Amino acid sequence: SGGGVGAIVGVEGKTGAMFEPSKFFHICPRTAFRGPHKVCVNIKEGACRKIICARCYPLLQEGEAAKDAEEFECSHCRGTCPARAQCF
């Protein structure tokens, strides 16, 4: 699953490798250990580790669709990050 609450856990990729999500949210300065979040679906490929908190879903203009989607592709992978995103 791409979402969670509380501690961040690794995701097993298609090759069986474990990929660890970021410990910080991509859009806001909050740490990932607080509250609901989504992990980018591209973590399964080892291509992205970004996570987005529930408070930032509306900023991405995805609202309920992103919150309810089983697989979530982050704004960084789509090239649509807001100016305050932590794109490093």
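Visitor: Which residues does Cys53 touch, not counting residues up to four places away in sequence?
Guide: Keep in mind that this is a predicted model. In it, Cys53 touches Phe25, Cys28, Arg30, Pro36 and His37.

Visitor: Which residues have the most contacts inside the largest nonpolar core?
Guide: The general idea first: in soluble globular proteins, nonpolar side chains tend to be buried together. Here the largest nonpolar core has 15 residues, and Cys53 is among those with the most contacts inside it, along with Phe25, Ile27, Cys28, Ile52, Cys56 and Cys74. Strand β5, residues 51-53, gives the most to this core, with three residues.

Visitor: Where does His26 lie, and is it buried or exposed?
Guide: You'll find His26 in the loop between β3 (18-19) and β4 (37-39). His26 counts as buried because its relative accessibility is 2%, and buried means under 20%. Leaving out residues up to four places away in sequence, His26 touches several residues, including Ile51, Ile52, His76 and Cys87.

Visitor: How many disulfides does the structure hold?
Guide: A disulfide is a covalent bond between the sulfur atoms of two cysteines. This structure holds zero of them. Cys74 is in no disulfide, and the nearest cysteine sulfur, in Cys48, is 3.7 Å away.

Visitor: Are Cys74 and Cys77 buried or partly exposed?
Guide: Cys74 counts as buried, at 0% relative accessibility, while Cys77 counts as partly exposed, at 33%.

Terms used: Residues are numbered from 1 along each chain as its sequence is written. This is a predicted model: local features need pLDDT of at least 70, side-chain atom pairs count only at pLDDT 80 or more; totals for chains, interfaces and linings use all residues. Side-chain values use heavy atoms; hydrogens and water are left out. Helices (H or I, at least four residues) and strands (E, at least two) are DSSP runs, numbered from the N terminus. Buried means under 20% relative accessible area, exposed over 50%, partly exposed in between (1.4 Å probe, protein chains only). Contact means heavy atoms within 4.5 Å. A nonpolar core is a set of buried Ala, Val, Leu, Ile, Met, Phe, Trp, Tyr and Cys residues joined through side-chain atoms within 4.5 Å. A disulfide is a pair of cysteine sulfur atoms within 2.5 Å.
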